[in-house]
Amino acid sequence: MSQAVAQRMAVKQGNNNQPDEKRENILIVDDSPENLNVLNAILSERYKISVANSGDRALEILGKRPEFDMFLLDIMMPDMDGITLCKEIKAKSEFLDVPVIFISGLSGIDDKKSAFEAGGVDYIVKPFEKEEVLLRVDNHLRLRRLQQELKNTNAELERNYRRLRELEELRDNLINMIVHDMRSPLTGVLSMFEILKMECERLGNPDIMDYIKSGYSAASSLLEMINSLLDVARLEEGKFPLNIQNYSVSDIINGAVSSIAASLSNSEIIQDIPEDFRIKCDGEIIRRVLINIITNSIKHSGSKNPVKVSVRREEGIITFSVIDDGVGIPKEYHSKIFEKFGQVQIRQEKKKYSTGLGLTFCKLAVEAHGGTIGVESEPGKGSRFYFRLPESPE
C-alpha cells in the first residue's frame, strides 16, 4: 500500500464525531489499496478502522492488538487467501465470536459456500455499494452487541444465582442448627408433662389434667414440626436412610389409621382396598406420609363426611389416594402446597391449604422411593391427594 493511500486513510479515520474508545474496531484485509481506501472511506466515520494488505500482516496485527469487533476479509489474496486467514482467526479462542464478512468480486455459490463454511457470517460482492456495506456491517455489529449483552447478563445471573444458593444454604444450616438445638429441651418439656399427668391422675384433679393435656398436645405438635423440618433437610441432602423391606399395603394403611384414631374425634375414615398388595418401601416412612395426608384432609376439608383412603394397582404401579369432599383447593396452589415454606406465601395471600412442612416431607419421601405425588382438586368439589409407588415384584 502506498504512503499516499495510507495518509488519506488516516485523514478519514480522524473525521468522526464519536470518541475512539466508544467506537467498534474493524480490521480490513485486502491486497488492493483501492479497495482498502474505498472501504475505509465508507466505514471510518462510524468505526475505528485498521487495515492490512496481506494475511500475514493481519495475523501480525492480531498478535499485538486482539480487540477487534469485526473482520472484513478479501477472499482472493496472494500467499494466504481470505478463507485460510478466516480459519486461522477462528482457531484463536478470543476471536471465535467475532463476525467475519468476506469481500470479493466472486459471486458463485461455491465461493459463498466456502466462505460460510470457514466461519463467515456474510458476503459482500465488489464493486462496493456504500449503503449495502453500511447496512451489513451495522447489522452484524448490532447483533454482536446484543450477544455480548446477553452473555454479560447471563454471567451476572449466574453470579447472583450462586450467591443466592450460598445464602440459602447458610439460612438452611442456621435453621437446622437452631431447630436441632430446640428438640432436646422440648423433649424435656414433654417428659415433665408426662410426670405431671401421672401425678394429677393420682390426685384426681380434672381441671389441672385438662391444662396438662393441652400443654402436652401443643408441645407434641411443636416437636412434630421440628422433626419434620429436620427430616425435610435430610431428604433434600439425600442423607435420609431408608429401611426398604417388603410390606403389605393394608398393614401400612391400618397402621396409619390406628396412629391417628385417638385424635379423629368425630371424623371417620373409610378404607377401599379391593385386594392386598405387596410393596417394597420403608414402611414407617410411607405410614408417616399417609398420616400427614389423611390428617391434612381431615383438618382442612371443612366437612364432617368421611375421608376415603383407597388403593389401586395398574401396570405394576400402586396408587394411594386420600379423598375428601371439603372446600377444595384452587389450581394455582396445587404445586405450592408441596413446596418448602410454600405455606408462607399462601398465607400472605390470605389462604391456607397446607399443613406447613408436612406435605413437603411427603413429596420428598415419596420421590426418595422413586414415586410421584400430586393433588386433584377444585374449590367446592373436595380434594384427592395421591401418590404412586412401584409394586413389589413377586
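Tutor: A residue is buried when its relative accessible area is under 20%, exposed when over 50%, and partly exposed in between. Please keep in mind throughout that this is a predicted model.

Student: Is Arg57 buried, partly exposed or exposed?

Tutor: The class follows from the relative accessible area, with limits at 20% and 50%. For Arg57 that area is 34%.

Student: With which residue does Arg57 form a salt bridge?

Tutor: Side chains of opposite charge can pair when their charged atoms come close. A salt bridge requires the nitrogen and the carboxyl oxygen to be within 4 Å. The closest N and O atoms of this pair are 3.2 Å apart, and the partner of Arg57 is Glu60.

Student: Where do Glu60 and Arg57 lie?

Tutor: Glu60 is partly exposed, at 41% relative accessible area. Glu60 and Arg57 are three residues apart, about one turn of the helix. Both belong to residues 55–64, which form helix α3.

Student: What is the N to O distance in the salt bridge of Arg159 and Glu156?

Tutor: These two residues both lie in helix α6 (residues 130–203), three residues apart, or about one turn of the helix. Arg159 is partly exposed at 43%, and Glu156 is partly exposed at 36%. Their side chains meet in a salt bridge with an N to O distance of 2.5 Å.

Student: Which residue meets Glu376 in a salt bridge?

Tutor: Glu376 counts as partly exposed, its relative accessibility being 44%. The N to O distance of its salt bridge is 3.1 Å, and the residue it meets is Arg384.

Student: Which residues are linked with Lys126 in a network of salt bridges?

Tutor: The structure holds 21 salt bridges. A network of such bridges links Lys126 with Asp30 and Asp74.

Student: What share of the residues in the chain is buried?

Tutor: The chain has 11 helices and 12 strands, and its accessible surface comes to about 22,100 Å². A residue counts as buried under 20% relative accessible area. Among the 394 residues in the chain, the buried share is 41%.

Student: What share of the contacts with a separation of 6 or more joins residues 24 or more positions apart?

Tutor: A contact here requires heavy atoms within 4.5 Å. Counting those in the chain with a separation of 6 or more, residues 24 or more positions apart account for 66%.

How values were computed
Residues numbered from 1 in each chain as written. Predicted model: local features only at pLDDT ≥ 70, side-chain atom pairs only at ≥ 80, totals over all residues. Heavy atoms only, no water. Helix = DSSP H or I, 4+ residues; strand = E, 2+ residues; numbered from the N terminus. Buried < 20%, exposed > 50% of the residue type's maximum accessible area, 1.4 Å probe, protein only. Areas by Shrake-Rupley, 256 points an atom, 1.4 Å probe, with all protein chains shown as cover.
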